[in-house]
Each structure stands twice: as C-alpha cells, then as structure tokens.
Amino acid sequence: MSGRAPCVVSLRNLVKRFGATTAVDNVSLDVGEGEFLTFLGSSGSGKTTTLFIVAGFEDPTSGDVLVDGVSILDVPPHLRNIGMVFQRYTLFPHLSVFENVAFPLSVRRKPKAEIEAAVTDVLRLVRLETYADRRPNQLSGGQQQRVALARALVYRPRFLLMDEPLAALDKRLREEIQGEIRRIHQETGVTVLYVTHDQEEALRLSDRIAVFSHGRIEQIGTGSDLYNAPRSAFVGGFIGNSNFISCTVAEGGNDRCAIRMPSGQICAIRGSSPMATGQLVSLMIRPERIGLSTTASQAGPDCAIKVRICEATFLGESVSYKVTTEWGQSLAIREITGKSQDVPLNSGVDAYARWHSADTHIFAT
Ligand SMILES: Nc1ncnc2c1ncn2[C@@H]1O[C@H](COP(=O)(O)OP(=O)(O)OP(=O)(O)O)[C@@H](O)[C@H]1O
Ligand SMILES: [Mg+2]
C-alpha cells in the first residue's frame, strides 16, 4: 500500500492494564485505506487485547481509537461497523450457511431482496455458493472459516478484524485459506487488521507487519523492511532465520567500527548507531548471506572465519549447512545450488564461512 493512502483506523497511545499486567503498552499506529496490516508476536504480547479495544470488547486504560479521524470509544461494539473473524468462530449451528451469512443483515432489518442479493454475492466471493443450504456441522473447518469471513464481509464493514482465523486449521488448509484471504482482500479492497503468531502467514498476507513484544510495537514495516533492516535483535530473530554472534567493539565510531569476533578476529562493520569501544554487541547475519569456501582469501566478502561442516543437507534449490566455529558455536548457512561451481561440502570438512560486512547487523546487548 502507498503511505499516502487515507487513514482508516488510528490507535493513539493505547494502554491497557489488567491489575499489575500491562497488556498493551503505549501502542500507536495508523492503518491506511485498503491496507492489510498484521500484528505479529508471541503469545501474551498484547495482540488480541489491542484488537479487542478496537472492536469495543475492552476499554483502554488510556489512549484513543479513531476511525476516519473520529474517536469510537463511546460507540458500542455492535454499532462500530467492524467485521470480525476469530479463531474459533461460533457459527450458529441451527442456521444454514445462508442464514448465518444473512444474520448481520437480518438484524439490521434490510429488505429481503437486498439480503438475498448480498448473501449470494458474498458466498460467491468465498466460493461457497453451492453450500448455502448446509449446516455448519456439515462443513470442514476451512469452509466454516470461509462462512465466518462471508458473514463478516456481507454488510460491507468499514474494516475487518481477524484474530488468528486459521490457527485451528492444518497446514495445508491454512495455506489454501491464506490464498483465499489474499484474493478476497484484493477483490474487495477491504481494510484488514489481522493477528497471527505465524511469521510466514504474516509475510504472505500483509502489506505491513507490526511486531509485538510485551505489549509494545517493536517495529512496524513491510516484510522486507523487517527482514532486511531489523531495528532490534528481537525483530531480527523473529522474522526469518538468523545467526547471532556475541562480539566486542574493538574500536568504536559513529558510522564504522571494528568488531572483535570470539575467535579474536577483527571485522570492520558499518554500524547504524554509534558504538563505544569495549561495548558488547550481538552480530546478526542471515544464513543465506554466508558463503562457504575451502580457501580463505578471495575477492568479495570481507569477513571470513574458520568453520567445520557438521551437517550438509541437499534441499534441491539450496544446500543447508550446520557448521561449528572455532569457539564452538553452531551457525546455519544456506547456499543456493548452482551459484558456485563447487560441489556441496561434506560434513567433517574444514572451510571458511565468508560474508560481506554490509550484510551484518549489529545490536547492543
Ligand atoms: N481479561 C484479562 N485479565 C487479565 N489479564 C489479561 C486479560 N486479557 C489478557 N490478559 C493478559 O494480557 C497479556 C496480553 O494478552 P493477549 O491476549 O492480548 O496476548 P496475545 O498476543 O493475543 O497472545 P496469544 O498469541 O496467546 O493469543 C497477557 O499477559 C494476558 O495474560
Ligand atoms: Mg491472542
């Protein structure tokens, strides 16, 4: 989404305390028109509580929720015009698929013909038009979630909240419905606030991801922002796979510093923030940014450390290595097959792990 899109939902300094627990700790963000924004974080990080405040199921301790620039805190949940889909969606078991989807329109006392047309349309959208007469217990879990989605969309809400809607489904079904959700988002252009603790799902679906930790947003950005420019070790470790090496700053500086690896070797690194000499830091490097070779000096990568191959797994398009450093740490390396002339190295072989200092990230510890 473009950063210039008008803002639909704004969270302003939201705080929610339950006794001594601060579930939501000063969360602020803007969701753009048509944007798919995901809250990603581990269990207990405050994702559901934040969503519940937007839905009106919880009142914030302080802060505000604006929709189209107007506070909705005094608007009761059923008048907030928000569609909702949750992990365990309680479809009405005694109603057919059609009646379940029609429910939000029936309670709004819409004319019968209008209901008929809207339900037919939205069932077509979720590809369940031939299931209209079934009861929920005659549907698979994935189909039930698609009914729940249809029911959330049928009255054209201002935006959609989804809290782990796929968590109860098996992996294959989850991926299938992820594809459906993407298509439906593209076809309807509906604004979505989505919650998951599955990073792959977040990357697959979202325009932007807000990484939650301890009730706070650690970082918000596109998947590639978070992957390529994590602002903390937490985000770097949470999105994608990473290696972390504990190092010391041998020579500090404002934009360049020398990092001493545990082996004693020095690597020159361009840091994003000033580093002081003697400071302990964590050096992060992605597995696919490390190359392996049997010779130390080659043009290109400016960091090289000695390693021993422990495990080499051929995965078709890539080879995944586990190697051990001289100081006994295990590192993951992933080499794309066919990029070099080299045949995969066997376990037990001594080699050099080499990378460009520009591909490292340094975090204060
Ligand atoms: N009604 C409540 N009373 C007391 N504490 C609560 C309540 N609801 C949530 N909490 C606490 O607030 C924190 C955040 O909970 P929340 O449900 O928002 O996390 P979450 O990120 O959705 O986690 P999960 O991934 O497990 O769903 C947790 O420590 C939780 O125990
Ligand atoms: Mg939750």
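A crossing of two helices is called left-handed if the near helix is turned anticlockwise from the far one by less than a right angle, and right-handed if clockwise. In this predicted model, local features need pLDDT of at least 70 and side-chain atom pairs count only at pLDDT 80 or more, while totals for chains, interfaces and linings use all residues. Residues are numbered from 1 along each chain as its sequence is written, and chains are lettered from A and ligands numbered from 1 in the order in which they are written.

The crossing of H2 and H4 is right-handed. The axes of helix H2 (residues 97-107) and helix H4 (residues 141-153) come within 7 Å and cross at roughly 30 degrees, axes being lines fitted to C-alpha atoms, for helices over the stretch in contact, with angles running from 0 to 180 degrees between N-to-C directions. The two helices, H2 and H4, are therefore roughly parallel to each other, a term for angles under 35 degrees. On the H2 side the contact involves Val 97, Asn 100, Val 101, Phe 103 and Pro 104, and on the H4 side Val 147, Ala 150 and Arg 151 (contact: C-beta atoms, placed from the backbone, within 7 Å).

Elsewhere, five strands form an open antiparallel sheet in the order S13-S12-S11-S14-S20, strands being DSSP runs of E with at least two residues and helices runs of H or I with at least four, numbered from the N terminus. Strands S13 (266-270) and S20 (361-364) stand at the edges with a single partner strand each, so one side of each is left without a neighbour in the sheet. Within the sheet, S11 (residues 243-251) and S14 (residues 280-285) pair in the antiparallel sense over six bridges, where pairing requires at least two DSSP bridges between the strands.

Conventions:
Angles under 35 degrees count as roughly parallel, over 145 as roughly antiparallel, 65 to 115 as roughly perpendicular and the rest as oblique. Two residues are in contact if their C-beta atoms, placed from the backbone, lie within 7 Å.
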